[in-house]
Amino acid sequence: MMVGVAVYGAFMRNKVLESLAYRMRFAVGIPSYLLFVTVHFFIWRAVYQASPEAEIAGFNLGEILTYAAIAWIVRSFYYSRVDFEIAEDVRRGDVVRDLLRPVDFQLARMAEAFGESAFRFLVLTLPSALLVYLVFPVALPAGWIAGAAFGLSLLLSFVVYFQISYLVGLSAAFTEQAAGLIRAKAAAVELLSGFLVPLSFFPAWAEPILRWLPFRMVADVPLNLYLGRYDGREALLLLALQAAWALGLYALGRLAWRSVVRRLTIQGG
Amino acid sequence: MTAHNTKERQGALIEANGLTKTFRAFSRREGIAGAFRDLFHREYRDVRAVDGIDLSIGEGEIVGYIGPNGAGKSTTIKMLTGILVPSSGEVRVAGYVPWKEREAYTRHIGVVFGQRTSLWWDIAVIESLRLLQKIYRVPERDFRERIDRFDTVLGLKEYLHTPTRKLSLGQRMRSELAAALIHNPRVLFLDEPTIGLDVAVKARIREFLREINRELRTTILLTTHDIDDIEALSHRVIVIDRGTKIYEGSLEGLKAGLGYTRQVRVRAEGADLEAFRRATARLDAQWSEPEPGVFCAVFDPDTVAVAELLQRALGAAPVTDVAIQDVDIDRVVREIYEGTRQVPLAGPSGAIAEGSSLRSAGPDAGRGG
Amino acid sequence: MMRRAEIFFAYLGQLLKAQMEYRLDFLVDITTTLLRQGVDLAFLAIIFTKVSRLAGWSFPEVVFIYGFFTLVFGLYNATFLSLISDFSDRYLIRAELDRVLTRPLGSLYQVFLERLRPLDLNGIVLGAALMVYAALRLDLAWGPLEWALLVPLVLGGFLVYSGFFLAITSINFWFEVRGGLAGPFMNLSRFGRFPATIYGPGLRAFLSTAVPFAFIAFYPSALLLGREEYLLVGLATPAVGLAVFAVAVFIWRRGIGRYQSAGS
């Protein structure tokens, strides 16, 4: 089943080439991300202007602006449309083609998604980050340790986000309405990951629930690491937790794929 | 049927002078490095798809507009139908300048693009026709009358209540024709109307077009790859290649001028090309071996008797299969252009060239293949 | 005009029939739209647990503006959205404009009719519900003026929204972009959902002139919320809408002459 790593490198490379052909989509992404950050900048500014306290839910204005801006920058990296693509492949029965190849489906898709994200990182994330840094009062990572932990965490947030998308994409084998699920997933990630609002802003009953869901691995964890809110030991623990979620979801993905294959081979697509 | 009523008075119904269309094309570079270079600097070049074409087509004519892929056929049709604005030159159809007076003009034309649908995908054919009835303001009585007429030849009623997406290709093409003719247009433009259809449907469509032309005097301009379409329908052919007109006249004139329009293909594993050449040396046929074991003789049916050619070929080697076909129209036109074939650039009437006195050989001798 | 109306209803009937074939998709669509809006509302609700006013606007007022925007978007969603989201792919790259141009009806009117999605009007209900909720919380007392203005203001916002995106889409006649140009501006329209007073003066001026998204919901809502300082600018909404739409039609007409049907 396992073939050389080189094969997955090829999947990655092809995705980079494909992304190049759609480069305009990425190019128009830069102003988009700047706009997103702008809206949230103004909303948060208005919130802190209206508040009698300088600190809300553990964030001062400077921290929340950095949080909101980096949230979008991080998203520009991990975001992809693999869920739609996988759902489309499954719906059309194209995955049968992948069954015939001596390649692991899940790893191949992940390699592709990583190829796309690497491309996005170069043409979208870096330029957007630079622009946002120049335009808005965004702080750099809180220190070398925070920066390194954030970098690692960024990679893991990609893996977690990919695995969630992968599972949702595979759902197309069981329901005709995968597109709805995919959009529901996007909404869930936006709200429940701490991407729009830090988890500490949520009502007291909601926060502990959110801490036990995988979604926070996508935004809450890398962003708080960036802000240096944890010391070295806590940071390591968080990274380990993120990695554990990544692995757990990966395993779940394998199980899901197995039942998809069973379904496709028994029912003939 | 209601009389045609347009603002044109006399002369040709379709008239074009120096019609030209230039496109700006973007040339993509190869590989990762090329793609990155395209990112910053794109190279463009101008392509003349149609280059100074003159047309004059009278009312009630059926004209075949032929040429190889990319010759500029569709671009011409698109200019004549008002879809594209010409880069230069003049065009007038039924008295209108198509692109300028589009909304008034399109009332008088019908268009069928063989590879695309003009019907609404998810709704029944009759509903599509009803919508068109409203768009073209067709009176109810005329509408019913036309549906009946289309039904007799095209067998429309069998699938009138089926959504377009569930039709077979043949049914869809028949519905497309009905849709293009529901308002009884003066001119019908057909771009590859028989592409991909089976023989029976093709025959039906040709019969229908002949009838429409005869009874309603609908002028028809059609592009096609199928020489049988032209043979069955056209009064006149216009051949274009690389945007310019290279022949105008009758099909017979074209064939006569061309000479070699038929081909015999024989399969004989292990045989020698020279053997066939020697055996038919007395006849004016050109042999080639397009693939190993398959031999092909191109000849003019007016000067070479198929029977004799076949007899000699069969004697030359152990032949296992034979087919007699028309030479592919694409190839003919390509060869004319490259100068490997000579053709008289005839005037509108298409003066029939020399070889015509030899027609006694019976050109239909080996039909089929 | 009579004929146009007749054709409009003929199309509408057919499109309804076609859309009804995909009823389940439609239900799922509604659910996901609700979820989508739910996320935004949750965001606002969470913020308002920490502050009582945002740049001078209370939670119900912000919900009213948001609801107005949702209502306008519901109209846009059922009319221009699908046209604009795949215009360049469908009509330019796949050259479906060919068919449109061979028919005796305005090209813009035809593509508009072809891409109507009557069932998607459901967004209107959600928007209206949010507005009613806010109005009840605020005890809004509307006089005849406000009631008379309601429809023109909503239509004005709708014309601003669709006119702007139609104009952007028409630019595709000059620069063909796979997937269209509307994406980033779609994101820009997010600005229109919140009270424009939260933005700095420069951005607010930008949103009132060059990209007049403040007219989609904020100015007309402010008028309906009884803020007298917005009376005049709110009243201008329908005129702004007509102007933006006129520009869009102008660009479309110039663009259609540049159409280069794909292939040859």
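## A helix crossing in chain A

The crossing of helix 4 and helix 8 of chain A is right-handed. A crossing is right-handed if the near helix is turned clockwise from the far one by less than a right angle, and left-handed if anticlockwise. Helices here are DSSP runs (H or I, at least four residues), as strands are (E, at least two), numbered from the N terminus. The model is predicted: local features need pLDDT of at least 70, side-chain atom pairs count only at pLDDT 80 or more, and totals for chains, interfaces and linings use all residues. Residues are numbered from 1 along each chain as its sequence is written, while chains are lettered from A and ligands numbered from 1 in the order in which they are written.

Helix 4 of chain A spans residues 61-78 and helix 8 of chain A spans 144-170. Their axes come within 9 Å and cross at roughly 60°. Axes are lines fitted to C-alpha atoms, for helices over the stretch in contact; angles run from 0 to 180 degrees between N-to-C directions. The two helices are therefore oblique to each other. Angles under 35 degrees count as roughly parallel, over 145 as roughly antiparallel, 65 to 115 as roughly perpendicular and the rest as oblique.

Val74(A), Phe77(A) and Tyr78(A) of helix 4 meet Leu154(A), Ser157(A), Phe158(A) and Tyr161(A) of helix 8. Contact requires C-beta atoms, placed from the backbone, within 7 Å. This set holds six nonpolar residues, one polar and no charged. Ala, Val, Leu, Ile, Met, Phe, Trp, Tyr, Cys and Pro count as nonpolar; Asp, Glu, Lys and Arg as charged; the others, Gly among them, as polar.

## The sheet of chain B

Six strands of chain B form an open, mixed sheet in the order 5-6-7-3-8-9. Its edges are strand 5 (109-113) and strand 9 (244-249), each pairing on one side only. Two strands pair if DSSP finds at least two bridges between them. Strand 8 (236-241) and strand 9 of chain B pair in the antiparallel sense over five bridges. Ile240(B) has Lys245(B), in strand 9, as its bridge partner.

Helix 2 (73-80) of chain B lies across strands 3, 6, 7 and 8 of chain B. It runs at about 150° to strand 6 of chain B. Helix 6 (169-181) of chain B packs on the sheet, touching strands 5 and 6.

## Where chain C meets chain A

29 residues of chain C contact 29 residues of chain A. On the chain C side, helix 2 gives the most, with 11 residues. That side divides into 18 nonpolar, six polar and five charged residues.

Notes: Two residues are in contact if their C-beta atoms, placed from the backbone, lie within 7 Å.
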